[in-house]
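Here's a quick, friendly tour for anyone meeting this structure for the first time. Have a look at the picture, then read on.

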Amino acid sequence: IMALQCEETALEPQVQNLVGELQKMIDEARSSIASTINSTLTLLYWHIGNRIHKEILKERRAAYGQSIVATVSRQLTSE
């Protein structure tokens with residue numbers, strides 16, 4: 001029993017080190033995923049705005065542009 005307790009005590013720092021390294025890997029992966037998602041969403045929103053600008057507004061500024069954005073936003077949100 002004493003030998004088993006000594007082994008557990010000797011392994012404890014190794015296990016703590018392993019857990020710390022694994023947690024760091026998980027945190028880094030989560031951060032990378034969040035960054036990728038943010039970049040992808042930003043690009044998506046830019047493409048949506050660009051399509052509206054070209055196809056609906058015909059590359060002009062329009063007084064009704066805000067209502068178009070609000071209407072499209074409501075429709076997309078409901079879906």
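## Overall layout

The chain has two helices and zero strands. Helices (H or I, at least four residues) and strands (E, at least two) are DSSP runs, numbered from the N terminus. Helix α1 covers residues 2-56, and helix α2 covers residues 65-78.

A word on where this comes from: it's a predicted model, in which local features need pLDDT of at least 70 and side-chain atom pairs count only at pLDDT 80 or more, while totals for chains, interfaces and linings use all residues. Residues are numbered from 1 along each chain as its sequence is written, and side-chain values use heavy atoms, with hydrogens and water left out.

## Inside and outside

## A nonpolar patch

Seen on the surface is a nonpolar patch formed by Ile 33, Ile 37, Leu 41, Leu 44, Tyr 45, Ile 48 and Leu 76, with about 630 Å² of accessible area together. Patches take residues with over 30% relative accessible area and no salt bridge, joining like charges within 9 Å and nonpolar side chains (Val, Leu, Ile, Met, Phe, Trp, Tyr) within 5 Å. Helix α1 gives the most to this patch, with six residues, and Ile 33 is one of the residues in that helix.

## One salt bridge

The structure holds one salt bridge, meaning a side-chain nitrogen of Lys or Arg within 4 Å of a carboxyl oxygen of Asp or Glu. The partners are Arg 51 and Glu 55, whose closest N and O atoms are 2.5 Å apart. Both sit in helix α1, four residues apart, or about one turn of the helix. Arg 51 is exposed at 53% relative accessible area, whereas Glu 55 is partly exposed at 42%.

Lys 58 is in the loop between α1 and α2. Its phi is near 55°, a positive value in a residue other than glycine. Most residues other than glycine have a negative phi. Lys 58 is also exposed, at 52%.

Over in helix α2 you'll find Val 72, which is partly exposed at 25%. The C-alpha atoms of Val 72 and Ile 52 are separated by 9.3 Å, with the two residues 20 apart along the chain.

Methods. Areas by Shrake-Rupley, 256 points an atom, 1.4 Å probe, with all protein chains shown as cover. Buried < 20%, exposed > 50% of the residue type's maximum accessible area, 1.4 Å probe, protein only.
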